[in-house]
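Please read the following walk through the model with the structure open beside the text.

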Amino acid sequence: MRKPAALPQVFQDGQSPQLNGRNIAEKIASSISLGMLSVGERLPPELELAQQFGVAVATLRKALAALREEGIVETRRGRAGGTFVVRAPFPTDRSVREYLTNTSIVELRDLGDEHVAVASMIARLAANRIYAGSTGRLSDLAARIFDARTPVERATADSRFHIEIAVLAQSPRLLSAELRLQNEISPVLWSEVTPEINGQTVLDDHLAIVSAIEQDRAEQAQQLSEAHIRNNIAHLINAKLTLGLIGPTGKDPLL
Amino acid sequence: MTPLVTPVGEVTSTLSAWFQRRFTSLQDLAQDLSVEVTRDATDHLLLSETGKQRMRARSTTFLEEHAVVDGCGLIFSREALGTGQGQLEWWVRAGDERFARYTFGVNPAGDRYYDYEQLEWFTKAYQTGELSLAGPYIDYLGVEDYIVTLTTPIQVGQVRAGVAGLDIQMTDIESSLVPILRQSEHDVAILNDHGSVLIGSSGRFLPGDRLTQLPEGYTTSPLEPAEAGLALLHRQAT
């Protein structure tokens, strides 16, 4: 049994002072798609959530109603009642295609540059900051990608692994950056729209990163993370080009 | 025998023609704009109000006719201006079919001074007297985009006065040139004169990455115009 939600960092966003029901619904949905809240888990009580977002309970209820309508959460009455996650939202094929069409090669490369900067330093810090016994979950989380059967499960497992390294790195700022980057990259990477990624390669990458972290090889952990992310980004760029999703410019290239 | 030579040759000539057209149109623009500039009694550059208006008309027409170009105009050297401040007569797109003169920080004492005389796109053409292509680069304090700039030197009264230039956003380089590169069977990329990738046909060669050596089995073929220093990186024919 997993512990009932130490609250996901995604909920604690100090940068959005004017949250409305729609924004809150999106934030909750994105923490679910990232695996910060799993299917079957219960959301914290309404009052507690409302306080965390700094909004009235009525506003929070609007957000929950929107999520119910999308079939992402369900509210059950009674003693064991509450609001439960029933479905991890995943982008539709159409929205993945749109994303790849509207994101240029340079923008994808730049996304990769930022992700390398964040994730490779996270791996380095994790190697420096772990202590005996604190990496127990990491190998389990790395292996989950192998058992994952659907794109949603794979994306969630992949994100969850990288987020755990960020947790071990003990930098709230880097964790928050990693969450944002995973949220943007992972669903596209694992979507069925893009050519299938080799699960075994990803698993091998993950396990190699885990052993570097566990064996206090900070430099190597950093290099392995960088190579891992660069491969993922090359995969996305190749997917964009192979699918012919080159942005509409309305411009005649001969001009 | 693999059918490599013909496709690569075709890609190379299509690309050369594309860049050649950009530079030819730039040289025409440079000619038309620089005739509006004269020299005063002390030999410093002089630009009348009516001259500026004609430059605006010519530049906005240029942008209308060349959809891939994001900005264009003249940039003068401080030496030719004879003033402490720089001067740029630069026009950019400001939305659909709208154009605006772009203002830069030209005061060397200012916080946001655009010290363009130190930048590659200026120095190459101004010092060598040849046309040049600089980028990709982030034009910080300039138009603040990720761009490529094509320049050619300008003369006023037999003396070099600065450069004429045009900017192309990297997103437009991508949408214009990737379809051409994708015609090639294998991974190819356009390299600039530093060996940095301008744009490639796959995730293997990414914009901005500088290749310290050619990948195994690869070679380059120069693109025209030769002064721009561009080359196509492609697999060696076996």
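Strands here are DSSP runs of E at least two residues long, and helices are runs of H or I of at least four, both numbered from the N terminus. The model is a predicted one. Counted this way, chain B contains 12 strands and five helices.

The C-alpha trace of chain B spans about 70 × 35 × 35 Å along its principal axes. Of the 238 residues in chain B, 39% are buried. Among contacts in chain B with a separation of 6 or more, 53% are between residues 24 or more positions apart.

Helix α2 of chain B covers residues 49–65. From first C-alpha to last, this 17-residue helix reaches 24 Å, close to the 24 Å expected at 1.5 Å a residue. Its buried residues are B:M55, B:S59, B:F62 and B:L63. Seen down the axis of α2(B), these residues fall within an arc of 95 degrees, so they line one face of the helix.

Next comes the backbone. Most peptide bonds are trans, and most residues other than glycine have a negative phi. The bond from B:G135 to B:P136 is cis, with omega near 10 degrees, and B:P136 is found in strand β6, residues 132–138 of chain B. Another cis peptide bond, with omega about -5 degrees, joins B:E224 and B:P225. B:P225 is placed in the loop between β11 and β12 of chain B.

The loop between β6 and β7 of chain B holds B:L141 and also B:E144. B:L141, not a glycine, has a positive phi of about 70 degrees, and phi of B:E144 is likewise positive, near 55 degrees. B:L141 is partly exposed, having 16 other C-beta atoms within 10 Å. B:E144 has 9 C-beta neighbours inside 10 Å and therefore counts as exposed, the cut-off being 12 or fewer.

Finally, the contact between the chains takes 17 residues from chain A and 18 residues from chain B. On the side of chain A that touches chain B, α5 and α10 of chain A each supply at least two residues. The most comes from α10(A), with six residues. That side of chain A divides into nine nonpolar, five polar and three charged residues.

Conventions: Residues numbered from 1 in each chain as written. Chains lettered and ligands numbered in written order. Predicted model: local features only at pLDDT ≥ 70, side-chain atom pairs only at ≥ 80, totals over all residues. Contact = placed C-beta atoms within 7 Å. Nonpolar A, V, L, I, M, F, W, Y, C, P; charged D, E, K, R; others polar. Expected span 1.5 Å × (residues − 1). Buried ≥ 20, exposed ≤ 12 C-beta atoms within 10 Å, placed from the backbone. Arc of directions from axis to C-beta.
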